[in-house]
Amino acid sequence: MDQMKISVVIPVLNEEEMIGGLIRELRVRSSTPLHEIIVVDGGSSDLTVKTAAAAGAKVIGSPVRGRAAQMNAGARAASGDILYFLHADTLPPARYDQLIRHALSVRSKAGCFRLRFTGNHPALRFYSWFTRFKSTLFRFGDQSLFIERPLFEKIGGFDEGLIVMEDQEIVRRIRQKTDFKIIKEPVTTSSRKYEQEGVYRLQFIFMIVFTLYYFGARQETLLHLYKTLMKRVL
């Protein structure tokens with residue numbers, strides 16, 4: 001496992017403020033030279049593409065906008081043995097590459113990290129506390145999924161028919177094939193959306209979308225509801 005190469009895949013849309021620093025920090029926090037960082041742009045209108053390229057990432061465009069399609073496009077462009085999907089506003093812990101390799105084994109071909117937020121609101125600490133549990137109900141994209149490439153290809157990657165909840169849906173399919181590891185060290189994700197929308201209000205919106213998803217609501221309905229309730233459009 002120690003020799004397995006990691007491809008970091010970051011889907012982005014208008015992330016010029018975050019992407020350059022993230023790429024530099026990924027190299028600093030890796031205990032070994034990173035194999036590659038692939039930034040998959042969904043059609044940014046700001047300087048995201050130029051900033052990511054200047055920071056040394058391989059930048060590609062996705063033929064379809066949407067996190068699932070962008071992450072699948074990044075996986076197709078990757079040449080590493082392990083795919084590590086990371087949001088642009090999330091930082092992994094120090095030695096994350098080593099932690100990922102050590103988490104993988106004959107029995108476990110995928111996993112993610114626990115989560116904490118940049119903000120220190122008690123509710124955010126409470127929300128992140130739940131990420132220690134193994135239930136799929138507490139798995140979200142901010143926790144940064146890692147998976148061995150053969151398994152990712154075997155299960156067909158992310159479901160591009162999903163606009164929301166794609167990160168949780170793929171974990172359910174992964175768990176049908178392998179043990180899913182939760183690394184104790186947390187990634188740190190920005191609490192900017194919570195600060196913009198309100199800590200309790202945004203969590204309430206997430207819970208509505210989450211509940212309706214499991215009751216079988218159409219993806220277009222969930223997206224419309226999310227955009228309607230959010231002060232800041234996606």
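## A buried arginine

Arg173 counts as buried because its relative accessibility is 18%, and buried means under 20%. Keep in mind, as you explore, that this is a predicted model.

Where does Arg173 sit? Arg173 belongs to helix 7, which covers residues 166-175. Leaving aside residues up to four places away in sequence, Arg173 touches Ile155, Gly157, Phe158 and Asp159.

## Two helices side by side

Two packed helices are described by the angle between their axes and the distance between the axes. Helix 9 (residues 199-214) packs with helix 10 (residues 219-229) at an angle of about 170 degrees, and their axes lie 10 Å apart. Angles over 145 degrees count as roughly antiparallel, so helix 9 and helix 10 are roughly antiparallel to each other.

Which residues make the contact? Helix 9 contributes Arg201, Ile205, Phe206, Ile208, Val209, Leu212 and Tyr213, while helix 10 brings in Gln219, Leu222, Leu225, Tyr226 and Leu229. Sorted by class, the contact of helix 9 with helix 10 has 10 nonpolar residues, 1 polar and 1 charged.

Strands come next. Strand 2 (residues 36-41) and strand 3 (residues 58-61) run parallel and are joined by 4 bridges. If you look at Ile38, you will find Lys58 of strand 3 opposite.

How does the chain get from strand 2 to strand 3? The chain passes through helix 2 (residues 48-54) on the way. This β-α-β crossover is right-handed.

Conventions
Residues are numbered from 1 along each chain as its sequence is written. This is a predicted model: local features need pLDDT of at least 70, side-chain atom pairs count only at pLDDT 80 or more; totals for chains, interfaces and linings use all residues. Side-chain values use heavy atoms; hydrogens and water are left out. Axes are lines fitted to C-alpha atoms, for helices over the stretch in contact, and angles run from 0 to 180 degrees between N-to-C directions. Helices (H or I, at least four residues) and strands (E, at least two) are DSSP runs, numbered from the N terminus. Angles under 35 degrees count as roughly parallel, over 145 as roughly antiparallel, 65 to 115 as roughly perpendicular and the rest as oblique. Contact means heavy atoms within 4.5 Å. Ala, Val, Leu, Ile, Met, Phe, Trp, Tyr, Cys and Pro count as nonpolar, Asp, Glu, Lys and Arg as charged, and the others, Gly among them, as polar. Two strands pair if DSSP finds at least two bridges between them. A crossover is right-handed if, with the strands pointing away from the viewer, the path from the first strand over the helix to the second runs clockwise. Buried means under 20% relative accessible area, exposed over 50%, partly exposed in between (1.4 Å probe, protein chains only).
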